[in-house]
Amino acid sequence: MNHLLQVKLRFANEKNKQRPGARNLRVRDDTTSEKIDALIDDLNAVLRYYRGVPKMLDRILIDVNYNDIIAKSNRIKEVLKPAGSVQTNDVVVGARFSNAPAGEENHIITYYVDAATIERTIQELRIAQKFLEDRLNSKATYKNFNEPDCEIDYSGYELSKSQLRHIVVDCSVIDSFSVPRISETPESDTFLVTFYQTELPLEKLMEKLKVDETRYRYSSYGKDTISVTKDFYDFLESHVPYMISMISTDFSQITIDQIVGAPTRDEIDIPAPSNEPVIGVIDTLFDESVYFHDWVENTDYLSDIERSIVRNDWKNHGTEVSSIIVDGPTLNPWLDDGCGRFRVRHFGVCGDRISVPRLVRKIKEIVTHNPDIHVWNLSLGTEDEVSKNFISFDAAVLDELQFQKNVLFVISGTNDEQQNRSPRMRIGSPADSLNAVVVNSVKRSGIPASYSREGTVLSFFNKPDVSYYGGDYDERIVAYSPYGKEDVCGTSFAAPWISRKLCYMIDVMGLPREVAKALLIDSAADWDYKASTHLHRNTLGYGVVPISIEKLLSTESDEIRFVVYGTSESYRTTNYAIPVPKDEDGKYPYIARATLCYFPECTRSQGVDYTGRELSLQFGRVKANGAIEDINDNVQDEETAHVDERQSRKDFRKWENTKFISKVLKRRSRPAKSYEDRLWGMVITSKLRLGSRTENGLNFGAVVTLREINGVNRIQDFIRACTLRGWIVNELDIQQKLELYNSNQEDIKFE
């Protein structure tokens, strides 16, 4: 076995030197005068609608129904453009997908503009329509604007050449305009209702609606979300349906699994805790009579009202989760991961259910007051499926915390308790948190547990992230409850094992959370993920994490595996001089894979366009022209590339905060040539969703694995070459790191 290497690469920052050319229609698109007629009719219908309802807002909320998943660069620019220097993209207040089948959905983006802008757009569309009729026989295509091959006379119109072109191109990507309207309402008695962000505060909206507070009661959470009952939601939906951006259930609920057999109150020996790392647990209450109670710092985080109605079974779930974190391998010897025991700081926040906003408020307080904890286990979730069009309220708060603070949440993938599980339910919140590690459950054979739910999130993001052994109804694992050992199953009991591994990597091995998450996902995916067409991808995530921590922190003798950590502070973060060893013929006898993780800022109000920053990854040999021959053939950021948004998301995981790229492992892989004796390189390209300038650095972690196709161990050649370049290379020896951790935790006594 070879040790995992930590290489401190020196990255350079490069500005974006690309300059966009004149806009043109996409090859398959066109704009006709008949289509413009239909768009004018749509805009007039929107204006008529708002004239017919009581005036609530200064401006108008309007949906642009696009005919594709649209890239930021291809969104409308002239149509609906406000007066002055404000850009059309600046007035976007939401984005969702159409109700088409998976893989065929298109963008619906909501804009907030004044009536004058819509009226001016109608006039400009009429001018553009006349331009088409006069100059292009009523139809514009890609060839018409493919300058300099085609020359068009733009004179004689009230709009400039660029305005006319922009309008025609804009129309080519629009299917229609409409008034916003929620299409799905979950089954529930209470709801969280989120409104589009406008100038109107919630309290002023309620005043304008003349809400009878004796009949309708609500609670506000932030500036745009309220908790309401079903009858109040019906009232809002009938009066201001166009203002409602999102609606979701208001309760997070624990489902207590059926216990098989009588619990056994065994006396289990456990030493006293010393300097072991600490994992935070936010769950139901903890029972302090269990054998491992000294390892748990317990805090009852209930309100006085909640505490007055405590039931005995409120301590089962939380105690069982903490038992796995503290002493899971003793209870399940076959799952001994080599991580040892962990201390727990346990916060009992609920019984069998809790209001989502109340849970969120408690989580924010707990995490803020415990900054020394880096890994938090959260095995709570809702029964309802997550929306296809927005991130849940609680998941968005977790993503915000993970962006702002140096923490990582491990969340259970939620269980499907239906009698009929065909098709599988989508995961429940907060398992749609994109920055968190979401864990599903598998049986000992590695196949999904019968109760496992599935992703994806927002029709695209890969959730759950990974899977682990959480048992099944006919093959349970052991946890310890207030009554003793119990046979349990559920994603709630798979997640704590992953919390153990991540805490070990972060607190014992000293790895940044970005690197730890990348190592976890890379170990689950391994060499099989890219080649696999597995039916269970949406259920397993990137795969099943190996049991032994050594499998995550070492590699085979024919592999070089190294991690890098850096900060993206410009358009490109680059290193073109990674000294991968060659063979005797001067070639590179490897196949490669790489995993990148980062924690971007996210904006819930933007709907399906949730992540605010994209880091794309290229890794491979440096070609003669200085570009990288990426192992994933990623050309989306090259000037001559013509890759649409749908393909970028499918092939290159654009906007996802985890990137896994790999060459497929084949029996007869051949060495790759070296381009003019050049080395290998890594490029991280940064793009912002709403802005164009990178202002704050964003940390990233990456793990790279090179497999020597002839089985030769070349790791010392790699270490030597890196050292000669002045780079620091650390071999991550588990035993040495453990000894270092223990010595750092010792109390020094002064005589």
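In this predicted model, helix α1 (residues 33-51) packs against helix α3 (residues 161-173). The two axes lie 11 Å apart and meet at an angle of about 80°. Angles of 65 to 115 degrees count as roughly perpendicular. The helices α1 and α3 are therefore roughly perpendicular to each other. On the α1 side, the contact involves K35, I36 and L39. These residues meet C171, S172 and V173 in α3. The residues of this contact divide into four nonpolar, one polar and one charged.

Aromatic rings were examined next. A pair of aromatic rings is described by the distance of the centres and the angle of the planes. A search of the whole structure finds 29 aromatic pairs. One of them joins F11 and F700. Their ring centres are 5.6 Å apart, with 75° between the planes, and the pair is edge-to-face. This pair links distant parts of the chain, 689 residues apart. F11 sits in the loop between β1 (2-7) and β2 (12-14), while F700 belongs to strand β33 (residues 698-708). F11 has 22% relative accessibility and so counts as partly exposed. F700 counts as buried, because its relative accessibility is 0%; the cut-off for buried is under 20%.

A second pair is formed by F232 and F235. Here the centres are 6.0 Å apart and the planes stand at 40°, so the pair is tilted. Both residues lie in helix α5 (residues 230-239). They are three residues apart, and therefore separated by about one helical turn. F232 and F235 are both buried. Together with Y216 and Y218, they form one aromatic cluster.

Charged groups also sit over aromatic rings. R537 lies over the face of Y529, at 4.1 Å from the ring centre. Likewise, R689 places its charged end over the ring of W655. In that case the distance to the ring centre is 3.8 Å.

E297 has 47% relative accessibility, so it counts as partly exposed. Which residues does E297 contact, leaving aside its neighbours within four places in sequence? The partners are V344, R345 and H346. In sequence, E297 and H346 are 49 residues apart. In space, their C-alpha atoms are 6.0 Å apart.

Technical notes
Residues numbered from 1 in each chain as written. Predicted model: local features only at pLDDT ≥ 70, side-chain atom pairs only at ≥ 80, totals over all residues. Heavy atoms only, no water. Axes fitted to C-alpha atoms, helices over the stretch in contact; angles between N-to-C directions. Helix = DSSP H or I, 4+ residues; strand = E, 2+ residues; numbered from the N terminus. Parallel < 35°, antiparallel > 145°, perpendicular 65-115°, else oblique. Contact = heavy atoms within 4.5 Å. Nonpolar A, V, L, I, M, F, W, Y, C, P; charged D, E, K, R; others polar. Phe/Tyr/Trp six-rings, centres within 6.5 Å; stacked < 30°, edge-to-face > 60°. Buried < 20%, exposed > 50% of the residue type's maximum accessible area, 1.4 Å probe, protein only. Lys NZ or Arg CZ within 6 Å of the ring centre and 35° of its normal.
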